[in-house]
Amino acid sequence: SGDRSDSRGALVVLEGLDRCGKTTQSNKLHKYLEGLGHSAELWRFPDRTTSVGQMISSYLSNQSQLDDRAIHLLFSANRWEKRTLMESKLKSGTTIIVDRYSYSGVAFSSAKGLDMDWCKAPEIGLLAPDLVLYLEIPPEKAAERGGYGGERYEHLEFQKKVSKSYQALHDASWKVINFSFVDMALKKL
Ligand code: 2DT
């Protein structure tokens, strides 16, 4: 955004379907920035280390059941509880690379049939990313990579719906990187 002073860190968000390569690429980007001498941290949402995060983790591993709207709000709360820390890190010059953020929140919940505007509402007021990298992969290709971990959302039919939700969400500010060019594209950043 325009008022970002040079000393402020950047908020970089990676988004995409399960098995699109986000985690690998987040790690690479983190190491790359550190190699250049930048102060950078790698974050991920859900952050399963907090008590809200533990409720989310238990839901994702099918150990608990929750109403669709209740879990949606927990995912959002999990971002809100980290907002102050995120802001102070960015202000102190640290760049934060985040593996999933609000877009995952909206894409996954709206894929269940929840209204998109309702899903967006609790995200209002969270820090806006400076850059969103969307790692684009056809759901069928992602499924071929194997290694779906057996969590709640990790099956092809649902991932197809999430893919449609992401398509409805993304705007001109996103950088879309096709899965076959991910490595090449990120090296040029
Ligand atoms: P990981 O496999 O990346 O840990 O994600 N999810 C994630 C949501 O439904 N809402 C959210 O707000 C976020 C951040 C995506 C676990 C799963 O949780 C989904 C996959």
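Visitor: What kind of crossing does α5 make as it passes α8?

Guide: α5 passes α8 in a right-handed crossing (near helix turned clockwise from the far one by less than a right angle; anticlockwise is left-handed). Helices are DSSP runs of H or I, at least four residues, and strands are E runs of at least two, numbered from the N terminus. This is a predicted model: local features need pLDDT of at least 70, side-chain atom pairs need 80 or more, and totals for chains, interfaces and linings use all residues. Residues are numbered from 1 along each chain as its sequence is written.

Visitor: What angle do the axes of α5 and α8 cross at?

Guide: Roughly 130°, and the axes come within 8 Å (lines fitted to C-alpha atoms over the stretch in contact; angles run from 0 to 180 degrees between N-to-C directions). That makes α5 oblique to α8 (under 35 degrees is roughly parallel, over 145 roughly antiparallel, 65 to 115 roughly perpendicular, the rest oblique).

Visitor: Which residues make the contact?

Guide: From α5, residues 102-110, there are Y103, V106, A107, F108 and S110. From α8, residues 156-169, come V162, S165, Y166 and L169. Contact means C-beta atoms, placed from the backbone, within 7 Å. Seven of these residues are nonpolar, two polar and none charged (Ala, Val, Leu, Ile, Met, Phe, Trp, Tyr, Cys and Pro are nonpolar; Asp, Glu, Lys and Arg charged; the others, Gly among them, polar).

Visitor: New topic. Which residues are around the ligand?

Guide: F45, P46, L60, F75, R100, S104, G105, F108 and Y153 (C-beta within 6 Å of it). Six are nonpolar, two polar and one charged.

Visitor: Which helix gives the largest share of that shell?

Guide: α5 does, with three residues. F108 is in that shell, and F108 also touches α8.

Visitor: How do α3 and α5 pack?

Guide: α3 covers residues 68-80, and the two pack at about 175° with axes 10 Å apart. That makes α3 roughly antiparallel to α5. D68, H72, F75, S76 and R79 in α3 meet S102, G105 and S109 in α5. By class, that is one nonpolar, five polar and two charged.

Visitor: What about α2 and α3, what angle do they cross at?

Guide: Roughly 140°, with the axes of α2 (residues 51-60) and α3 coming within 9 Å. That makes α2 oblique to α3. This crossing is left-handed. V52, G53, M55, I56 and Y59 of α2 meet I71, L74, F75, A77 and N78 of α3. Eight are nonpolar, two polar and none charged.

Note on methods. Contact = placed C-beta atoms within 7 Å.
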